[in-house]
Amino acid sequence: MALWTEWISANETGGNNFTETAVVNLSGSYGVYASCGLSKFNGNGGSPQAEIFISGYVQNGNPYEGSWDELFANGISSITVSLTVNNATAKGVLTITTDR
C-alpha cells in the first residue's frame with residue numbers, strides 16, 4: 001500500500017472562475033481510493049467561492065472526465081485534480097491510497 005498526496009492552490013480576484021489543475025501519474029496501474037478536500041479558503045471580494053474535485057482519471061488506458069469528490073476503482077494509472085476559485089484564494093489536497 002502507498003499513499004500519494006498532491007497539493008494545489010489557486011487565486012482569483014476579478015470575479016471570474018479560474019481553475020488550476022494538477023495530474024498525478026502513478027507509474028503503473030493500481031486499485032485506488034482517492035479523495036480531495038479544501039484546506040484553506042480566503043475570500044477576495046464579493047461572493048467568494050472555491051471548489052476542489054477530481055476532474056479526470058485514466059482507467060485501463062481509457063481517459064474519463066467529469067467531477068467527483070472521491071474515486072474507488074481498479075486499473076487507475078493517472079488522476080487529475082482541479083481547484084476552481086472565484087474572488088477567492090484556496091488550497092486543497094488530493095490523497096490517493098493504492099493497493100501496493
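I shall go from the overall fold to the core, then to the aromatic residues, and finally to one residue in a strand.

First, a word on the source. This is a predicted model, in which local features need pLDDT of at least 70 and side-chain atom pairs count only at pLDDT 80 or more, while totals for chains, interfaces and linings use all residues. Residues are numbered from 1 along each chain as its sequence is written, and side-chain values use heavy atoms, with hydrogens and water left out.

Let us turn to the fold. The protein chain has six strands and zero helices; here strands are DSSP runs of E with at least two residues, helices are runs of H or I with at least four, and both are numbered from the N terminus. Along the principal axes, the C-alpha atoms fill a box of roughly 45 × 25 × 15 Å. Among contacts in the protein chain with a separation of 6 or more, 74% join residues 24 or more positions apart, a contact being heavy atoms within 4.5 Å.

How much of the chain is buried? Of its 100 residues, 39% count as buried, that is, under 20% relative accessible area with a 1.4 Å probe and protein chains only, where over 50% is exposed and anything in between is partly exposed.

Next comes the core. A nonpolar core is a set of buried Ala, Val, Leu, Ile, Met, Phe, Trp, Tyr and Cys residues joined through side-chain atoms within 4.5 Å. The largest one holds 23 residues, and Val32, Leu71, Ile76, Ile79, Leu94 and Ile96 touch the most other members. Strands β1 (2-12), β2 (18-43), β3 (49-59), β5 (70-86) and β6 (88-98) each supply at least two residues of this core. Beyond its neighbours within four places in sequence, Leu71 contacts Val32, Tyr33, Ala34, Ile54, Tyr57, Ile76 and Ile79.

Now the aromatic residues. Ring pairs, whose centres lie within 6.5 Å, link Tyr57, Tyr64 and Trp68 into a cluster. Elsewhere, the charged end of Lys91 sits over the ring of Trp7, 4.9 Å from its centre; the rule asks for NZ of Lys or CZ of Arg within 6 Å of the ring centre and within 35 degrees of the ring normal.

Is Thr97 buried, exposed or partly exposed? Thr97 counts as partly exposed because its relative accessibility is 27%. Thr97 and Met1 are 96 residues apart in sequence, and their C-alpha atoms are 6.8 Å apart in space. Leaving aside neighbours within four places, Thr97 contacts Met1, Ala2, Leu3, Gly31, Val32 and Tyr33.

Methods
Rings of Phe, Tyr and Trp (its six-membered ring) pair if their centres lie within 6.5 Å; planes under 30 degrees apart count as stacked, over 60 as edge-to-face and the rest as tilted.
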